[in-house]
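The sequence and the coordinates come before the entries.

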Amino acid sequence: FTHRFKTIKPNLVIIIGVIVSEVITLIVVSVMSIIFNGRITYDYLVTGAIAAFIVSFIVILIIVSLLKILKESEGRYRKLIEYSPDAIAVHRDGKIVFINPAALRLMGAKDEKEALGKPVLDFVHPDYRDIVKKRIQQAMHGQVAMLLNEEKFIRFDGKEIYVEVMGGPIIYENKPAIQVIFHDITSRKLMEEKTNELNDLKNKFIRIVTHQLRTPLNEIKWNLELVLEKILGKTIKDQEQLMNATYDAN
């Protein structure tokens with residue numbers, strides 16, 4: 001207690017708490033003295049007051065100490081979130097109540113005032129809103145984490161970006177909320193789309209080339225068979241060797 005008392009200066013909460021405790025003690029002891037016809041002596045009154053002072057002071061000191069520890073812990077957590085390179089936001093009742101600098105940069109916002117209080121679904125692409133609503137409801141009612149999922153967001157400037165999102169329920173400012181962590185995967189998605197497009201073009205090219213080559217190659221094969229089977233007349237040995245080589249190549 002001495003150590004905590006050095007870090008926590010006596011403030012109005014402790015002073016008021018002790019005074020209230022003393023007043024209540026004096027009232028209780030005085031009432032009891034009247035009830036028992038004055039048989040509660042002055043010594044009991046003093047002892048009760050001293051005991052009340054000690055107990056109330058210790059209890060209030062513990063409470064203030066715990067509140068300070070909690071505040072320090074929340075301060076450290078907030079700093080970690082603010083300095084995090086990942087985009088992090090917290091929303092409650094469908095509205096954004098906290099957003100860190102990384103998320104502001106990713107969403108193209110000037111400052112947190114531009115984002116705070118805005119409906120969170122306004123930043124979700126219409127194609128993904130039903131999925132996001134369902135995930136939020138499951139997280140809030142089931143108290144389960146939201147697994148990593150690909151979604152599409154709409155920035156403040158109207159630009160659409162692909163993101164990977166995960167999160168879960170937390171207590172923010174003593175109320176239930178949802179914390180989400182997300183990062184931009186637009187470049188990767190565009191690369192995947194380009195790769196798929198190139199694969200489609202490649203497959204289309206192979207189909208066209210295969211179709212276009214099959215007809216003339218079959219015609220060459222049939223003509224060579226006619227010559228090799230001597231249906232069109234006799235051939236000399238050199239001609240047959242040349243025709244066989246051509247047939248094999250075909």
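Is K189 buried or exposed? I looked up its relative accessible area, which is 16%, and K189 is therefore buried. The model is a predicted one, and I read every value below with that in mind.

Entry 1: I traced five strands, which form an open sheet in the order 2-1-5-4-3 with antiparallel pairing. Strand 2 (95-99) and strand 3 (146-154) are the edge strands, each pairing on one side only. From one strand to the next the twist averages 35°. I then took up the pairing of strand 3 with strand 4 (residues 160-172), which is antiparallel and runs over seven bridges. Within this pairing, F153 stands opposite I161 of strand 4.

**Entry 2: helices on the sheet.** Helix 5 (residues 129-142) packs on the sheet and touches strand 1 (87-92), strand 3, strand 4 and strand 5 (175-184). The direction of helix 5 makes about 140° with that of strand 3. Helix 6 (residues 186-228) also packs on the sheet, where I found it touching strand 3, strand 4 and strand 5. Its direction makes about 140° with that of strand 4.

**Entry 3: the course of helix 6.** I checked the span of helix 6: its 43 residues reach 61 Å from the first C-alpha to the last, close to the 63 Å expected at 1.5 Å a residue. I noted a kink of about 30° at R214, shortly before the proline P216. T186, K189 and L224 are buried in helix 6. The partners of the buried residues of this helix are strand 3, strand 4, strand 5 and helix 7 (237-249). After helix 6 comes K230, which has a positive phi near 60°.

**Entry 4: salt bridges.** How many salt bridges does a search of the whole structure find? The search finds nine. I recorded three of them in detail.

The side chains of E150 and R188 meet at 2.9 Å, N to O.

K189 forms a salt bridge with E192, with 3.9 Å between the closest N and O atoms. Both residues lie in helix 6, three residues apart, about one turn of the helix. Residues three or four places apart in an α-helix point the same way, because there are 3.6 residues a turn. E192 is partly exposed at 34% relative accessibility, whereas K189 is buried at 16%.

E240 and K230 meet through their side chains in a salt bridge of 2.7 Å, N to O. E240 lies in helix 7 and K230 in the loop between helix 6 and helix 7, ten residues apart. I list E240 as partly exposed, with 23% relative accessible area, and K230 as partly exposed, with 39%.

**Entry 5: the network.** Which residues are linked with K189 in a network of salt bridges? I found E150, E164, R188 and E192 linked with K189 in that network.

Conventions
Residues numbered from 1 in each chain as written. Predicted model: local features only at pLDDT ≥ 70, side-chain atom pairs only at ≥ 80, totals over all residues. Heavy atoms only, no water. Pairing = 2+ DSSP bridges. Helix = DSSP H or I, 4+ residues; strand = E, 2+ residues; numbered from the N terminus. Axes fitted to C-alpha atoms, helices over the stretch in contact; angles between N-to-C directions. Contact = heavy atoms within 4.5 Å. Expected span 1.5 Å × (residues − 1). Bend = angle between axes of the 7 residues up to and from the residue. Buried < 20%, exposed > 50% of the residue type's maximum accessible area, 1.4 Å probe, protein only. Salt bridge = Lys/Arg side-chain N within 4 Å of Asp/Glu carboxyl O.
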